[in-house]
Amino acid sequence: MVKFGYTILYVEDVQKSIEFYENAFGFSRKFVTPENDYGELITGETTISFASKKLAAQNLKDGFIESNLEDKPFAIELGFITDNVGELVQKATSFGAILVKEPTQKPWGQIVAYVRDVDGFLIEICTEVQG
């Protein structure tokens, strides 16, 4: 059996990123290492994890492309489902998220908006897909 357990975002400041997601989206802290180089949030069935860029560099000797707000976002996004997209977008931006696209209704009825987090990662805030 294979189960999708977590996604790790490589960030400059694990504590700052954890606090952003707690405040902006209401997720709960699972833990942060004493060295502040790794942490996890409880978000439902899948965990969002954060590793410092320094720790990531130890594991990936050939380096990696760093996320930041000056560059375009990566071709990947985190998707957060909510009943009230507009309200969650407003809350996220009040804690430092950058609005990319206002809530829009898709032809299939789903409402979708996009923001970037404090490290530049792309987040889709949307309603459940009805199918």
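Gly 39 stands opposite Phe 50, a residue of strand 4. The model is predicted.

In strand 4, Ser 49 has Ile 8 opposite it. Are the two faces of strand 4 covered or open? Both are covered: Thr 47, Ser 49 and Ala 51 are buried on one side, and Ile 48, Phe 50 and Ser 52 are buried on the other. Because six of its six residues are buried, strand 4 is largely enclosed by the rest of the structure.

Phe 50 is also one of the residues with the most contacts inside the largest nonpolar core, along with Tyr 21 and Phe 25. This core has 24 residues. At least two residues each come from strand 1 (6-11), helix 1 (14-25), strand 4 (47-52), strand 5 (78-81), helix 3 (85-94), strand 7 (111-116) and strand 8 (122-126). Helix 1 gives the most, with six residues. Leaving out residues up to four places away in sequence, Phe 25 touches Phe 20, Phe 80, Leu 88, Ala 92, Ile 123 and Ile 125. In soluble globular proteins, nonpolar side chains tend to be buried together.

The model has four salt bridges.

| Salt bridge | Distance, N to O |
|---|---|
| Lys 53 and Glu 12 | 3.6 Å |
| Glu 22 and Arg 29 | 2.8 Å |
| Lys 30 and Glu 40 | 3.6 Å |

The side chains of Lys 53 and Glu 12 meet in a salt bridge. This pair links distant parts of the chain, 41 residues apart: Lys 53 is in helix 2 (residues 53-59), and Glu 12 is in the loop between strand 1 and helix 1. Lys 53 counts as buried at 14% relative accessibility, whereas Glu 12 counts as exposed at 57%.

In the bridge between Glu 22 and Arg 29, Arg 29 is partly exposed, with a relative accessible area of 32%.

Lys 30 and Glu 40 also meet through their side chains. Lys 30 lies in strand 2 (residues 28-32) and Glu 40 in strand 3, so the pair ties together parts that are 10 residues apart in sequence. Lys 30 is partly exposed, at a relative accessible area of 49%, while Glu 40 counts as buried at 10% relative accessibility. Elsewhere, salt bridges that share partners join Glu 12, Lys 53 and Glu 66 into one network.

How values were computed
Residues numbered from 1 in each chain as written. Predicted model: local features only at pLDDT ≥ 70, side-chain atom pairs only at ≥ 80, totals over all residues. Heavy atoms only, no water. Core = buried A, V, L, I, M, F, W, Y, C linked by side-chain atoms within 4.5 Å. Buried < 20%, exposed > 50% of the residue type's maximum accessible area, 1.4 Å probe, protein only. Helix = DSSP H or I, 4+ residues; strand = E, 2+ residues; numbered from the N terminus. Contact = heavy atoms within 4.5 Å. Pairing = 2+ DSSP bridges.
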